[in-house]
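Take a moment with the sequence and the 3D view. Then follow the paragraphs below, one region at a time.

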Amino acid sequence: MTKKTMDLSGLGLASRLAHAGREAARADGTVNPPVQRATTLLFDDVETLYHGAKTYALEGMAAHEALCEALLAVEGGAGAVLAPSGLAACTLALLTVARGGGEVLVVDSVYKPTRNFSDSVLERLGISVRYYDPRIGEAIAGLITDKTCAIMLESPGSLTFEVQDVPAIVKAARARGVATIIDNTWSAGVYFKPFDHGVDISVQALSKYQGGHADVLMGAVIGGTPHWAKAVLETWRQLGLGVSADDAYLVLRGMRSLSARLERHAASALQIARWIEGQPQVSRMLCPALESSPDHALWKRDFTGASGLFAFVLKPAPAERVAAMLESLKLFGLGFSWGGFESLAIPCDPQIVRTAQPWRAEGQTVRLSIGLEDPEDLKADLAQALARI
């Protein structure tokens, strides 16, 4: 590593991930930044005490700064802040743009905890919430009113995987001066670049692929322009959100190998999804990377790759048989979250809520997060489980 900060703009993703945030003055000669467990910062004079660039460790130390730089090196944007969880990042972004008496348009396929926050806290603050069909595209212009202060997107949806026409929605929003937020966790900021499409704020659950090891909770909110980066930062400070130095260090360490891991997750997931599609117990796939997906053309236009998360709809079967199938899995754990080295499975139906358009499925929906195990072993595990149906 050189003593001067390196220009990463012309480098590939793997190189940017390896070098982002590695500032010599910050690291004091080490490859990685120090973990500074701190609350109080000390100053030499009164003027700096009240007017320094940083006055309290809540604002982040070396590991926090390096992680934010790494996030910007991957996804772009003008500034990033860290939050204690992915949900905290979603709620921070919404509170940044919401205003009393206003209205937020939220995609109907949004992450359910974000929906719960919208229906409870936002409504309690006098901010109305209206849900829209994830495939609405440019027709969202018909939902925007003078009260609309923001549109919350998530693409693909984290349970049913509809891909939104982000450029069309952003164009309609900008024509009316409406802010746009996207939960971009599925792509890890690698396979979809929201700021290239005009999105104002991007949200990431860093607990997923960035952390990568199922051992740390964190989220990030990135402002696409200096205006939105400043707005997010001000709200973040007012809410007093912060993360520990140890957690920031763990996520930063995970990001160094993000490119290699995500490539493996994606390749294994596509191989397994194609295999599942041919199984007699399966009615249809919810995976935009497959040619059979109704959203495949849109995904291919806007995304440069797929992650390891997808779902499938079973043919009608008794609930107890589906439960037996899931409980027989040996390599897939039954658990929420995704993006770690381990494979996971969940039944989705208890979480799927729709108000803009009814959710229709032939049978139960199962979501898989494909980990780093050998894909042939994962297929064998799924085969023995599906046989129970």
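**A walk through the model**

At 1% relative accessibility, Asp 108 counts as buried. Buried means under 20% relative accessible area, exposed means over 50%, and partly exposed lies in between (1.4 Å probe, protein chains only). This is a predicted model: local features need pLDDT of at least 70, side-chain atom pairs count only at pLDDT 80 or more, and totals for chains, interfaces and linings use all residues. Residues are numbered from 1 along each chain as its sequence is written, and side-chain values use heavy atoms, with hydrogens and water left out.

Which residue does Asp 108 meet in a salt bridge? Its partner is Arg 115, at 3.1 Å from N to O. A salt bridge is a side-chain nitrogen of Lys or Arg within 4 Å of a carboxyl oxygen of Asp or Glu. Arg 115 is buried too, with a relative accessible area of 3%. By this rule, the count of salt bridges comes to 14.

Now look at another pair. Asp 295 and Arg 135 join their side chains in a salt bridge of 2.9 Å, N to O. This pair links distant parts of the chain, 160 residues apart. Asp 295 sits in the loop between strand 8 (282-286) and helix 11 (296-302). Arg 135 sits in the loop between strand 3 (128-132) and strand 4 (148-154). Helices (H or I, at least four residues) and strands (E, at least two) are DSSP runs, numbered from the N terminus. Asp 295 is buried, at 5% relative accessibility. Arg 135 is partly exposed, at 46%.

Salt bridges that share partners join Asp 165, Arg 301 and Asp 302 into one network. Arg 301 is partly exposed, with a relative accessible area of 47%. Asp 302 counts as buried, at 10%.

The largest nonpolar core has 117 residues. Such a core is a set of buried Ala, Val, Leu, Ile, Met, Phe, Trp, Tyr and Cys residues joined through side-chain atoms within 4.5 Å. Which members touch the most other members? They are Leu 67, Ile 151, Phe 310 and Leu 368. Helix 4 (residues 62-75) gives the largest share of this core, eight residues. Pick out Phe 310. Leaving aside residues up to four places away in sequence, its contacts (heavy atoms within 4.5 Å) include Phe 161, Ile 272, Met 285 and Leu 368.

Glu 75 also belongs to helix 4. Is Glu 75 buried or exposed? It is buried, with a relative accessible area of 5%. The C-alpha atoms of Glu 75 and Val 190 are 6.5 Å apart, although 115 residues separate them along the chain. Beyond four places in sequence, Glu 75 touches several residues, among them Asn 184, Lys 193, Phe 195 and Ile 222.

Move on to the strands. Leu 153 lies in strand 4 and is buried, at 0% relative accessible area. Thr 180 is placed in strand 5 (residues 179-183). Thr 180 is buried as well, at 1%. Its own contacts, counted in the same way, include Ile 151, Leu 153, Val 170 and Ile 201.

Helix 7 (residues 166-175) also has buried residues: Val 166, Ala 168, Ile 169, Val 170, Ala 172 and Ala 173. What covers them? The cover includes strand 3, strand 4 and strand 5. After helix 7 comes Gly 177, with a positive phi near 70°.

Helix 5 (residues 86-97) is mostly covered, with 10 of its 12 residues buried. Among the buried ones are Gly 86, Cys 90, Leu 92 and Val 97. From first C-alpha to last, helix 5 reaches 17 Å, close to the 16 Å expected at 1.5 Å a residue. The expected span is 1.5 Å times one less than the number of residues.

Finish at the surface. Val 46, Leu 49 and Tyr 50 form a nonpolar patch with about 350 Å² of accessible area together. Patches are made of residues with over 30% relative accessible area and no salt bridge; like charges are joined within 9 Å, and nonpolar side chains (Val, Leu, Ile, Met, Phe, Trp, Tyr) within 5 Å. Accessible areas come from the Shrake-Rupley method with a 1.4 Å probe, and for residues only the protein chains shown count as cover. Val 46 is found in helix 3 (residues 46-51). Val 46 is exposed, with a relative accessible area of 62%.
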